Amino acid sequence: MVAQSATSLKPRNAKDTAGKKASGSIPNTPVFTSEEELFAYREMLLIRRFEEKAGQMYGMGLIGGFCHLYIGQEAVITGMQMAAKKGDSVITGYRDHGHMLSLGMDAKGVMAELTGRRSGLSRGKGGSMHMFSKEAGFFGGHGIVGGQVSLGTGLAFAHAYRGNDHVSMTYFGDGAANQGQVYESFNMAELWKLPVVYVIENNHYAMGTSVQRSSAQTDFSRRGISFNIPGEKVDGMDVRAVRDAAARAIKWCREGNGPMILEMETYRYRGHSMSDPAKYRSKDEVQKMREERDPIEQVRLRLLNAKAASEEDLKRIDASVRSIVAEASEFASHDPEPDPSELYTDILL
Ligand SMILES: Cc1ncc(C[n+]2csc(CCOP(=O)(O)OP(=O)(O)O)c2C)c(N)n1
Ligand SMILES: [Mg+2]
C-alpha cells in the first residue's frame, strides 16, 4: 500500500536528471546584508555559549550520560536554517544541541533535559541524545550512528505523501556516511523523488578515526553519484556559503526534483564526547582551525570591518546570549527530577 503510493509520487519529478548540477561545484561566496550577519552572529554565539556552559556543567557532575558538543560546527545548522521555512523537518544524530537551539527550542528545556529534570524537553528521560519537538519540526536526537538517515528519508516521504512542499533536512556525520542504510535510503529517496537534503557534517573524524583512515571515497558530495543524486561540497565554516548552498538545495527539493546532498566541510574543536584522549590529532591542528577558520570570528571581523557593528554592540549581543544561557543553567540545576512514579510513562517497553 505504502509502496504503491510512493510510486505514484513519481510525477513530482519535474525535470529529468540531465538538468541536475554536477557534483562538487563550489560557487562564489555570497554576500550577507548587515542584518543577516548580525542574525547569524547571534545565532551561532548562542550555540557556542550554550555548549561551553554544558561542558562546564558536565564537569561539575550535573549532566550524566553522553554529551556531544557542537562547538566549531555552528555555521552549518545556522546557515541551513536561514534558508529553511516553518514546516520543514530536521533530524540529526547525537550532536544535536545546536540544531534544537537553531530551531527556536527553549534553551531552558534543552538544558533541563541534559540535567535529567522534569521540565526537560523529554521530561528528563531522554538526555542529550534524545529530544524532540513536533511543533519545532525537530525529530531527534538519535544515538544509532546513521539510523536517522532512514528516518529522515521517511520524513521526506511523509511530506511528499501529504502533498505539502516541505523538505526534510537530514543531518549525519562523515562516519555515519559509511553505514549501509544510508545507501538504501539514497536509493529510495531518488527512486521516489523525495524532498530530502542530506547534510553530511564532515568534521573529519568519527570518534578517533579520521576520514582518510576510514573512507574509500573522501569526497562526500560524490556519495550519491550512483543513485543520480546531485551533491555539492560547501565551506561549512562560512555561514554565507552554507546559507547559499542550502537555498539551492532546498529549492531543488521543493520543486519536486528529488534529494540532494550537501557536504559541509566543518570541524569540531572539542572531543568526540566528554571523555576523549585526543590522541588522533595534534593540538596544533585544532588551534590552527580556531585561529584561521572559526565561523563566529569570521562574522565578527566582517561586522567590525564594515562598521556594521561596534565592539560595544557585539559585547551587548554576547551579554544577552550569556544571560539566556545562565538562566537556562540556573533553571536546569534547580528544576526537580522526575517523580519515580514517572519511571514507566512515555517510554516504550
Ligand atoms: C550503529 C552504531 N555504531 C557505532 C556507534 C558508536 N559511535 C558513536 S559516535 C561514532 C562516530 C560517528 O562519527 P560521525 O558520523 O563522523 O559523527 P560525529 O561524531 O563526528 O559528529 C561511533 C562509531 C553507534 N553509536 N552506533
Ligand atoms: Mg565526524
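Two strands pair if DSSP finds at least two bridges between them. Helices (H or I, at least four residues) and strands (E, at least two) are DSSP runs numbered from the N terminus.

## Basis of the model

This is a predicted model, in which local features need pLDDT of at least 70 and side-chain atom pairs count only at pLDDT 80 or more, while totals for chains, interfaces and linings use all residues. Residues are numbered from 1 along each chain as its sequence is written, and chains are lettered from A and ligands numbered from 1 in the order in which they are written.

An open sheet of five strands has the order 1-2-3-7-6, with parallel pairing. Strand 1 (89-91) and strand 6 (231-235) are the edge strands, each pairing on one side only. From one strand to the next the twist averages 20°; axes are lines fitted to C-alpha atoms, for helices over the stretch in contact, and angles run from 0 to 180 degrees between N-to-C directions.

## Strand 6 and its surroundings

Five bridges join strand 6 to strand 7 (residues 260-265) in the parallel sense. Across this pairing, E232 stands opposite L262 and V234 stands opposite M264.

A residue is buried if 20 or more other C-beta atoms lie within 10 Å of its own, exposed if 12 or fewer, and partly exposed in between, with C-beta atoms placed from the backbone. Five of the five residues of strand 6 are buried, so the strand is largely enclosed by the rest of the structure. G231, K233 and D235 point one way from strand 6, whereas E232 and V234 point the other way. From strand 6 the chain crosses through helix 9 to strand 7 in a right-handed β-α-β crossover (with the strands pointing away from the viewer, the path from the first strand over the helix to the second runs clockwise).

Helix 9 (residues 239-254) lies across strand 3 (196-202), strand 6 and strand 7, and runs at about 170° to strand 7.

## K108 in helix 5

K108 belongs to helix 5 (residues 107-114). This lysine counts as buried because it has 21 C-beta neighbours inside 10 Å. Beyond its neighbours within four places in sequence, K108 is in contact (C-beta atoms, placed from the backbone, within 7 Å) with E327, A328, F331 and A332. K108 and F331 are 223 residues apart along the chain, yet their C-alpha atoms are separated by 6.5 Å.

## Ligand 1

Ligand 1 is surrounded by 13 residues, the closest being V145, G173, G175, A176 and A206; a residue is near a molecule if its C-beta atom, placed from the backbone, lies within 6 Å of it.

Terms used. Contact = placed C-beta atoms within 7 Å.
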